[in-house]
Amino acid sequence: MTTIPDPQGGTFRLSMLLNDTRYRSMTLQAIAALILALALFYLYSNLTANLRAAGLNISFDFLGAPAGYDINQTLVDYNSQSSNLRAAIVGILNTLLVAFLACITATIFGVLAGVLRLSNNWLVSKLMAFYVEIFRNIPVLIWIIIIFTIMTAVMPGPRAFRGDAATSSMLMDLFAFTNRGVYIPGPYFTRGIGGEEGSVVNWLLVIGVLVASYFSARFMTNRANAIQADTGIRPNTLWTNLAIWFVPLIVLLFILGLSWDIPALKGFNFQGGIKIGGPLIALWFALSIYTGAFIAENVRAGIQAVSKGQTEAASALGLRGNRVMSLVVLPQALRVIIPPLISQYLNITKNSSLAIAVGYADITATLGGITLNQTGRAIECVLLLMLFYLVISLLISAGMNVYNNAMKLKER
Amino acid sequence: MSDTPAQSVAFVRETAIPPSPAPANASGIVKWMRDNLFATWPNALLTIASIYVIYLILAGTMPWIFNGVWNTNSLAECREVLDGTVGACFSVLTERWNQLLFGFKYPVDQYWRPLTAFLLMFAALAPVLFFDLPRKLLIITALFPFVAYWLIWGGTIWTPLFALLGFVAGYLVYARFVTQSFAVGFFGGVFAAVVVWIVTGYITPMLAPEQPLLEAVPSRDLGGYMLNMMLGLTCVSLSLPLGIALALGRQSSMPLIKWICVIFIEFIRGVPLITLLFVANVMLAYFFPPGSGVDLFLRVVIMITMFSSAYIAEVIRGGLAALPKGQYEAADSLGLDYPQAMRLIILPQALKISIPGIVNIAVGLFKDTTLVSVISMFDILGMIRGPILASTDWNGVYWELLGFACVVFFVVCYSISQYSQWLERRLATDHR
């Protein structure tokens, strides 16, 4: 086999920069770098000229100044005298809260709809197809506004719950759906550590017990696997696992004296319990039902991607229906479903920025909305906002890469 | 051996028994229902639950829709006509349809202009969407942007004409030199076009008549569903070539070019569209030369185009990666250089694979154009939430307006996705 090498040595001519494959890519890249540098310089000089003309500068000092506005739904302490940075943190937490809630419910909706769409039942599968098509083809912003309108214009005011001739009543005397938000019972501890102020410690304790239960349960399952591998007989782990999960938790909650604070109508509004504001509900529900339609399609595609031969082979090996599902079909379907599912989670996080349309105080509404308008620090605010979303996106994609590598078919 | 003749056999049937009809419960609609609706007990329960859900939906909406009022002037009058019964107040649509479709500032006597552009759009899109139509129709497609621009914005006809002239000049130069080398042709074409634009840019103000044929309409007067369609169509068509360039750049063997494309794509895909619209609204103006005064519509188009081009680039990258390596090697072994290989062999196949993905992006982008209402542009949603619901006549007519927005978006998006599925079947060249 012969190859014709590029002529070696010889004198260097200028035309070789374009015609010689050894140098051409260098030339092109040099040109690209030059154009890029020129473009950046052009934009930068415009920026500085414009800023000078407007008498502005780039400074992040405003983050420390008092924000001067109130936020009605906060996860951490905040008042109007807190700094803009604090407001941004409240916004970040609110974004993460709604994204987290919406991811969970969207997955539930999506999996349900996706599985039911494959159902043998003609009516159910058509109904699910209808749901998917309706929600996929109408902008999410419209859904958010529709549900927000339901929450504010259709729900009764607290006044409707009052008196003998009340037109509305609380669901099971526990939940109140009003146009100011939904009130649900809130848990609290009567014998908690540190009284009212130390309630965070109590919750950390509960989480700690749950984590410990998780690891113990996993240990039990591993031990059962080992015994099964040795002897072929699998010890029954159901009751021990249930006990590991529930007994310590119930004991702890009893010691701490768990009690429920039930909302009740006092004065002009409901008091007590946890208030979930209308904007949060609108955003949460709209995002989950909209994204659920997309997830349903992913789930359907994933299940259909597992070839029928796999099910048949598993049945031929003598596995029963539920084991066929859990041991053969699901692991293969999940490999197809999870990556698009995670990118749907990413979409939820990004779409949660639409909160600004209904007045939910997420990071876009605090930092990119009120703070930006009050301080006039447009460039700084938008940059910080983008940075936040970029970090979240990169974290989620990093997680997805780790998962993909772990789940990759091990090829030799 | 046997002496028993035929008569020992009592009876031999010589014709086949005609098939008897299947039992009533194993044929026709009964069988279908047994198989598809009531196969098992849980299945039957599901069916009944579904019927109940459908009943609830229909019982909630049908009286409201069919009892609707179409010809009153305000919500109060509507309620008078309905007299306590359940019914929709569709008169908001008959009274404000023009605002929903064109925004509230577009001159009323000029509505024929965007309408003509809308109809022309079908003629322009037809040869792109359906390959069987004669290729000559693509001329309409090429002319459409300039005609539509002139129809919608009005003003002097020289602006779109000179823009077109630039493209023609660029194409002529490209066609002249492309036989030598693609790069020479391409950059020569770009250079020629830019020269024409700069030169005519000086001439246009001199040629502009006092009274243009079509009254000029500034961008900020555009609104309603027209704005959504304009943004969607413009940004998708602009982002296609940009997306192809980015996808090719990301596949490039030159590290610098590759990394520029990777950073651009990942950055854009990592942030929500709404932050990019904030950039368009409050930040982008700082990056233009002082006093250039680029209007909001153009800034939004720039940002949405960047946004969708990053997504389209990823779809096309998927198409490029899905091509068998043999195609690249075959192109190389034929002695084609990079532009030739891409134009003649790789891209036609890669784009074909990516069409469903691109259509998905286009549908998503069209839906996302509603986000401009957040930065106070009056698209259909902005019109509903702003001027119409805030007016004293129609304060409180939520469902009719939002339902209308749902219907117009659903019709367009669903048709596009149906088209995409048709195209997928049409383009499937593998025989299965």
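Apart from neighbours within four places in sequence, Leu277(B) makes contacts with Val300(B), Met303(B), Leu371(B), Val372(B), Val374(B) and Ile375(B). The structure described here is a predicted model. In soluble globular proteins, nonpolar side chains tend to be buried together.

The contact between the two chains was examined next. Chain A contributes 46 residues to this contact and chain B contributes 41 residues. On the side of chain A that touches chain B, at least two residues are supplied by each of α2 (21-54), α4 (122-136), α5 (140-154), α10 (321-351), α11 (363-375) and α12 (378-407) of chain A. The largest share of that side, 13 residues, belongs to α2(A). Classified by residue type, the side of chain A that touches chain B contains 31 nonpolar, 13 polar and two charged residues.

In chain B, helix α16 spans residues 398-427 and thus has 30 residues. The distance from the first C-alpha of α16(B) to its last is 43 Å, close to the 44 Å expected at 1.5 Å a residue. Buried positions in α16(B) are Tyr398(B), Glu400(B), Leu401(B), Leu402(B), Ala405(B), Phe409(B) and Cys413(B). The buried residues of this helix pack against elements of both chains: α5 of chain A on the one hand, and α4 (91-102), α14 (338-368) and α15 (380-390) of chain B on the other.

According to the domain assignment, chain B is described by domain 1 (1-66), domain 2 (91-106 + 220-427) and domain 3 (156-213). The centres of domain 2 and domain 3 of chain B, taken over C-alpha atoms, are separated by 26 Å.

Gly208(A) lies in helix α6 of chain A, which covers residues 199-231. Gly208(A) counts as exposed because it has 11 C-beta neighbours inside 10 Å, and the cut-off for an exposed residue is 12 or fewer. Gly208(A) and Leu249(A), although 41 residues apart in sequence, have C-alpha atoms 9.9 Å apart in space.

Technical notes:
Residues are numbered from 1 along each chain as its sequence is written. Chains are lettered from A and ligands numbered from 1 in the order in which they are written. This is a predicted model: local features need pLDDT of at least 70, side-chain atom pairs count only at pLDDT 80 or more; totals for chains, interfaces and linings use all residues. Two residues are in contact if their C-beta atoms, placed from the backbone, lie within 7 Å. Helices (H or I, at least four residues) and strands (E, at least two) are DSSP runs, numbered from the N terminus. Ala, Val, Leu, Ile, Met, Phe, Trp, Tyr, Cys and Pro count as nonpolar, Asp, Glu, Lys and Arg as charged, and the others, Gly among them, as polar. The expected span of a helix is 1.5 Å times one less than its number of residues. A residue is buried if 20 or more other C-beta atoms lie within 10 Å of its own, exposed if 12 or fewer, and partly exposed in between; C-beta atoms are placed from the backbone. Domain bounds come from an automatic or database domain assignment.
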